[in-house]
Amino acid sequence: MADSNPRSGNTHGALSLRQWLDRLSARGELAVARDGLRLRHEIAAVAHKLDGRQATFFPRPDGAHAIPVISGIVSDRGWMAEALGVAQDELLARFQHAASNPIPWKEVGDAPAQEVVHTQIDLLRQLPIPTHNEHDSGAYITAGLLISRSPETGIQNVAIHRCQISGKNRIGVLLLPRHTDHYYRMAEKDGKPLQMAIAIGVDPATLLSSQAIVPLDHDELEIAGALHGRPLEVVKCTTNEVRVPAQAEIVIEGRLLADEREEEGPFGEFPQYYGERARRHVIEVDAITHRRDAVFHTIVGGGLEHLLLGAIPREATILNELQRSFPGVRDVHLALGGVGRYHLYVKLDKRQNGEGKNVILGAFAAHYDIKHVVVVDTDVDIHDPQEVEWAVATRFQADRDLVVIGNSQGSKLDPSTDDGVGAKMGLDATIPVDAPEMKYKRIRIPGEDTLDLQAVITGRQDWRGAADRAA
């Protein structure tokens, strides 16, 4: 079902959430749990156990909620490519093109997301919000797109932030120093709250678009439109000016309060450690709207769905940045062993000695989260950690090919750093340009790639009988 041109609009991918669940179900990749599993830890335990193998559908969580929970819907890289209608090796090109060629959204008057409207708010009673990890400070919304508008231009920003339920109508939210925080500070400077909404239960393309790394005042819902190949339908919130995906399952409307902070955390984050407790921003909820038969999407912190959603857009951005300066860069991969953020593998068609080290420096500049970089030749599969390790084992010498940079900006969620300041390391595991041809030639067995095993292996287990017949 791959679209032969990843740069074109496609009609086979960008499935709606419900179409995607149907697709997973038809293939046996959507497990349905028994009714009534507990929101505290039990749902997360099941979802995490099936991580990367099956998505999970949880009917009647806690035995009390009519709204079911889903998790793990894009916990496989191949699933994400399929949902967008491209082959897996075209995924980054598809995302790059969408980010560079956004399609403005289309506003509609009526939307499934607003079939039911609540203005008397009790978040934990009205929505099935799970508690995931052992020491999480409570129930968290983890798959909600937090959508805000610039107080000056009205241009929207879309991101996923961890959202702790702190009261019937209050949510504690971690805002890192990025675009949502920039809009918030603009509003707070004038003593005003920032209008916002949290959209829960969107299609895979819209979910992925929220993680795009683009300049300020670039609305990620327009990237979602480009991934769909048509304008994304949005609807105006019932209590503020924010526009949200019309097909969302659930929308929480509210305001980020000016000059208010409350305790939030700890929370199990993508490095698979806990983000610390601190005084953080506060959302006051004004309304909840949802479909009549809504579904609540949750992402288990530190699981594959969490890691892949962060990794794929970063890969597309990093590939763009590196290819501007290094045309020989063919592909990049943020390894899951490096939590989809910290370990970058780069495939390089090397033309000059020393180029691998320059690529390492360029990768560190492309995104501050990158901690370790390995550059390899084009014959190495960067999506196979064993292949990358083999290249390091046979093509790298520490006294010649190692790059170390101390006291540089990294991720504040990496517990080994000093409040985000730490060391970076690059390994140039590429073959010297002037190496003799046979010195680094990989062994291969002629015919292995095209061998039809079914034609030559009988499937019989009786080796003694086979030996007697041969004699």
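A salt bridge is a side-chain nitrogen of Lys or Arg within 4 Å of a carboxyl oxygen of Asp or Glu. By this rule the chain counts 38 salt bridges. The model is predicted: local features need pLDDT of at least 70, side-chain atom pairs count only at pLDDT 80 or more, and totals for chains, interfaces and linings use all residues. Residues are numbered from 1 along each chain as its sequence is written, and side-chain values use heavy atoms, with hydrogens and water left out.

**View 1. Salt bridge between Arg243 and Glu107.** The closest N and O atoms are 3.2 Å apart. Arg243 lies in strand β13 (residues 243-245) and Glu107 in strand β4 (residues 106-107), so the pair ties together parts that are 136 residues apart in sequence. Helices (H or I, at least four residues) and strands (E, at least two) are DSSP runs, numbered from the N terminus. Arg243 has 13% relative accessibility and counts as buried. Glu107, at 38%, is partly exposed. Buried means under 20% relative accessible area, exposed over 50%, partly exposed in between (1.4 Å probe, protein chains only).

**View 2. Salt bridge between Asp414 and Lys371.** N to O, the distance is 2.9 Å. Both partners sit in loops: Asp414 between β22 (402-409) and β23 (421-428), Lys371 between α10 (355-366) and β21 (372-376). The pair therefore ties together parts 43 residues apart in sequence. Asp414 is buried, with a relative accessible area of 7%. Lys371 is partly exposed at 21%.

View 3. Lys441 is partly exposed, with a relative accessible area of 46%. Glu437 is exposed at 61%.

**View 4. Aromatic pair of Tyr140 and Phe267.** Rings of Phe, Tyr and Trp (its six-membered ring) pair if their centres lie within 6.5 Å; planes under 30 degrees apart count as stacked, over 60 as edge-to-face and the rest as tilted. The count comes to 2 aromatic pairs. In the pair of Tyr140 and Phe267, the ring centres are 4.3 Å apart and the planes stand at 35°, so the pair is tilted. Tyr140 lies in strand β6 (residues 140-141) and Phe267 in strand β15 (residues 267-268), so parts 127 residues apart in sequence are tied together. Tyr140 is buried at 1% relative accessibility. Phe267 is buried too, with a relative accessible area of 3%.

**View 5. Aromatic pair of Phe270 and Tyr342.** Ring centres lie 5.9 Å apart and planes stand at 65°, so the pair is edge-to-face. Phe270 is in the loop between β15 and β16 (274-275), and Tyr342 in the loop between β19 (329-334) and β20 (343-348). The pair links distant parts of the chain, 72 residues apart. Both residues are buried.

**View 6. Arginine charges over the rings of Phe270 and Trp390.** A charge sits over a ring if NZ of Lys or CZ of Arg is within 6 Å of the ring centre and within 35 degrees of the ring normal. The charged end of Arg341 sits over Phe270, 4.2 Å from the ring centre. Arg442 places its charged end over Trp390, 4.0 Å from the ring centre.
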